[in-house]
Every structure is written in C-alpha cells, then in structure tokens.
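Please work through the following exercises with the sequence and the model at hand, trying each task before reading its solution.

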Amino acid sequence: MAIPYPLARLGELLSGLNPKDAFLYSPIQGRPKARQLWHEKLVKEDARMESIGLPVVTAGICHAISMGAELFFSPGDTLFLPDLYWDNYEQIFGIRLEGRIERYPFYSPDLSSFNVEGLRHSLAQTTGKIHVLLDFPSNPSGYSPTPEEMKAIAEVLVQAAASRTVVVYCDDAYHGLVFEKTATSKSLFFELIGRHPNLIPLKCDGITKELSFFGGRVGFLTFGTSVAASEILVDKSKSLIRSGIGSPVGISQYLMEEELMDARHDESFESMREILERRYRILKNALSKPTEQWTVYPFNAGCFCLLKLREGLDAEDIRQRLITEESVGVVNHSDRHLRLAFCSLKEEVIEPLVEALERVCGNRK
Ligand SMILES: Cc1ncc(COP(=O)(O)O)c(C=O)c1O
C-alpha cells in the first residue's frame with residue numbers, strides 16, 4: 001500500500017482527513033465503500049434494487065452516460081430523445097459516437113403530461129436495436145411524470161423490447177428535487193428492472209446536484225441486468241476508465257461517503273430541496289399571470305422551467321435584449337424557447353425577472 005506524502009499546504013488544508021483517503025488513488029471501478037453506500041441509498045429508494053449489482057464510479061454523470069454509450073452504442077445507431085433535452089446528449093451520441101438522433105415532442109398535444117403516445121409512435125417507426133434516453137426531472141423542462149405516466153413509459157419500453165434490443169439511459173441527475181405530490185420522485189430505472197431480456201436499463205446518477213457537489217465529479221453507472229452480467233460490464237468499464245481518465249477522483253468519493261453516512265444527511269438534503277421549492281413556488285406564481293408573450297410548459301421538479309415565446313419573438317434576440325436592457329441572464333433553447341433556472345435565482349429577484357422579460361418581449365413587434 002502506497003504511503004501518502006502530503007506537501008505542506010495540501011497537508012494543512014486537508015489535515016482533518018486520513019491522508020490515505022485524501023491523497024491516494026481510488027480503485028479503477030471506485031472505492032468499495034462509495035459503491036456500496038450508493039447502492040444502499042438506491043435500495044432504500046426502491047427494493048427492486050436489491051437484485052442489481054454495484055455501480056461503477058464515474059467522473060460525474062455526463063461520464064456515466066458517455067461510458068454507458070461507449071459500451072452499447074455503435075456508429076450509425078439511433079438514439080430516441082424528446083425534443084426538449086440537455087444539449088450534451090447531442091455531443092455524446094451524435095458528434096462523438098456518430099449516431100442518429102430521432103426526436104419526438106416532449107409534451108402530449110394538450111400540454112398536460114409527458115408524451116407517452118409520442119414516444120410509442122416514435123419507437124414504432126424503426127426496427128432493430130435502439131437507444132432511448134430519458135431524464136426526469138428533466139433539463140430543460142423541469143417536468144417529472146406522475147407515477148402512472150412513469151409506469152406507462154416503462155410499458156412502452158418493455159413492448160418495444162419484444163422484438164429487438166432496447167438500451168435505456170436513465171439520467172437521474174436531478175433525482176429528489178420534486179415539488180408537487182403528483183410528480184414521482186422515483187427513477188424510471190426501477191420500473192425497468194427484470195422486465196424483459198432484450199431491455200437493458202442503465203442508471204446514470206451522482207453527487208453533482210443531489211449532494212450539491214458540482215465540482216466533486218462523482219457519478220455512478222448502474223447496470224440493470226443480472227448481477228453476473230453487471231460484473232462483466234463493470235470489468236469492461238474498468239478498461240474504458242483506465243484508458244480514459246485513469247481512475248476516478250478518490251477524495252470526492254471519500255467526502256461523499258462521509259456525507260451519506262452522516263446522521264444529518266436526509267435533513268440537510270431536505271433543507272436544500274425546500275429552498276428550491278420556495279423559489280419554484282414564487283416562479284409558478286409569477287408565471288400564473290396571463291400574458292400574450294409566452295406559454296409556460298408544465299413544470300413541477302428539478303431546477304428549471306421552459307417558456308415558449310409567442311410567434312414573432314426570437315429567443316436569442318430576447319436573451320440578448322434582457323442582458324443589455326435589463327441586466328438579466330437567461331438561457332435560450334432552440335429559436336423559440338427560454339429556460340429560467342430558478343435554482344440560481346434568489347427569491348426576491350424572481351418576480352422582477354418575469355416582469356423584465358414581459359417588458360422586453362412586449363417591446364418587440
Ligand atoms: C440532465 C443532466 N444530466 C447530467 C448533467 C451533468 O452532470 P455532471 O456535471 O455530473 O456530469 C447535467 C448538468 O447540467 C444535466 O442537466
């Protein structure tokens with residue numbers, strides 16, 4: 001076992017930690033305790049996790065998705081995405097892995113729910129192996145399905161797997177940040193465990209948002225297969241990790257273990273969720289006033305909400321004007337959508353932001 005030799009300032013800064021935890025390499029697949037504790041956390045969320053093997057540790061959630069894709073996705077394969085999605089998926093599957101991306105409308109035609117029928121219809125358009133990625137709560141829509149919708153989504157995926165391989169990437173980055181009783185806080189992954197031999201669910205999650213530890217770079221990739229198959233896939237992941245990042249960050253895994261084992265953890269997470277919920281409610285209220293400038297898409301979870309600007313408005317133009325005329329920053333999504341990140345807005349600036357947006361939109365013909 002290597003003996004750490006902390007240099008002076010690092011030693012001072014990390015003096016409260018065991019130097020072996022702070023300075024040494026992590027095993028390639030992750031620290032045993034980190035993997036075990038994350039698995040236990042998932043078993044607590046849903047007992048179906050008991051039949052699933054330990055996850056492999058990744059350098060954040062994006063790395064978990066891209067490693068899952070490297071294992072299962074071949075150039076020319078097709079990924080099905082709703083039309084509102086985190087743009088990094090395009091980088092991973094479209095640009096890096098040279099795949100095709102098929103999109104279907106995220107919301108049902110009456111804008112009341114996730115578009116389960118749209119997903120079904122879209123998957124039915126192709127034959128052969130497919131990949132499906134879903135993130136709930138969603139970035140950028142801030143939507144989490146009801147438990148019934150989640151079951152219906154799972155049913156569509158199980159049916160699609162009747163005649164071909166279906167790989168499902170469940171991106172659970174915003175897990176637990178749910179603000180309405182009607183929205184599920186459970187992962188789609190749980191609904192897919194053991195449902196069909198052709199169905200390969202992958203769970204991609206981590207500490208980035210759930211532990212509010214963005215720079216910690218600890219994610220997890222869990223294989224929803226038999227434990228024996230999962231162990232083989234963890235082994236394959238080890239060669240990808242070794243040939244890519246070398247090994248995952250050890251000290252962040254150690255810090256995560258300590259946070260998860262701390263008696264205050266659940267309460268501490270709940271305090272963070274409540275801060276976000278207060279911002280969510282203020283934003284919901286501010287957006288409930290009638291306006292001709294935009295339509296608000298349903299949102300109930302996560303960190304964001306999405307507005308569809310009225311005909312004639314260009315999202316990039318409005319974004320620029322908000323900066324120059326009102327000193328406010330928002331993110332545009334395609335040419336008609338603006339994403340408001342209530343996670344980054346103090347309570348007192350939320351209403352003024354919506355008013356500023358209305359002024360800027362109202363000034364454009
Ligand atoms: C939907 C979604 N998945 C994954 C991530 C990335 O997580 P990480 O920073 O752990 O790679 C983000 C970050 O913004 C995200 O919005």
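Predicted model: local features only at pLDDT ≥ 70, side-chain atom pairs only at ≥ 80, totals over all residues.

**Exercise 1: the sides of helix 3**

The buried residues of helix 3 are Ala 34, Arg 35, Trp 38 and Leu 42, where buried means that 20 or more other C-beta atoms, placed from the backbone, lie within 10 Å of the residue's own, exposed that 12 or fewer do, and partly exposed the range in between. Explain why these residues lie on the same side of helix 3, and state what they pack against.

Residues are numbered from 1 along each chain as its sequence is written. Helices (H or I, at least four residues) and strands (E, at least two) are DSSP runs numbered from the N terminus.

**Exercise 2: the partners of strand 11**

Determine which strands pair with strand 11 and in what sense they run.

*Solution.* Begin with strand 9 (residues 304–309), which pairs with strand 11 in the antiparallel sense over five bridges, pairing requiring that DSSP find at least two bridges between the strands. Here Leu 306 stands opposite Arg 339 in strand 11. Next take strand 10 (residues 331–333), which is joined to strand 11 by three bridges and also runs antiparallel to it; His 333 has His 337 as its bridge partner. Strands 10 and 11 form a hairpin with three residues between them, and Ser 334 in the turn has a positive phi of about 55°. Finally, four of the five residues of strand 11 (residues 337–341) are buried.

**Exercise 3: the faces of helix 13**

Work out which residues of helix 13 are buried and why they line one face.

*Solution.* In helix 13 (residues 315–326), the buried residues are Ala 315, Ile 318 and Leu 322. Seen down the axis, they fall within an arc of 60°, so they line one face of the helix. These residues pack against strands 9, 10 and 11 and against helix 14 (347–363), whereas the face turned away bears the exposed residues Glu 316 and Thr 324. Just after helix 13, Ser 327 takes a positive phi of about 55°.

Terms used. Arc of directions from axis to C-beta. Contact = placed C-beta atoms within 7 Å. Expected span 1.5 Å × (residues − 1).
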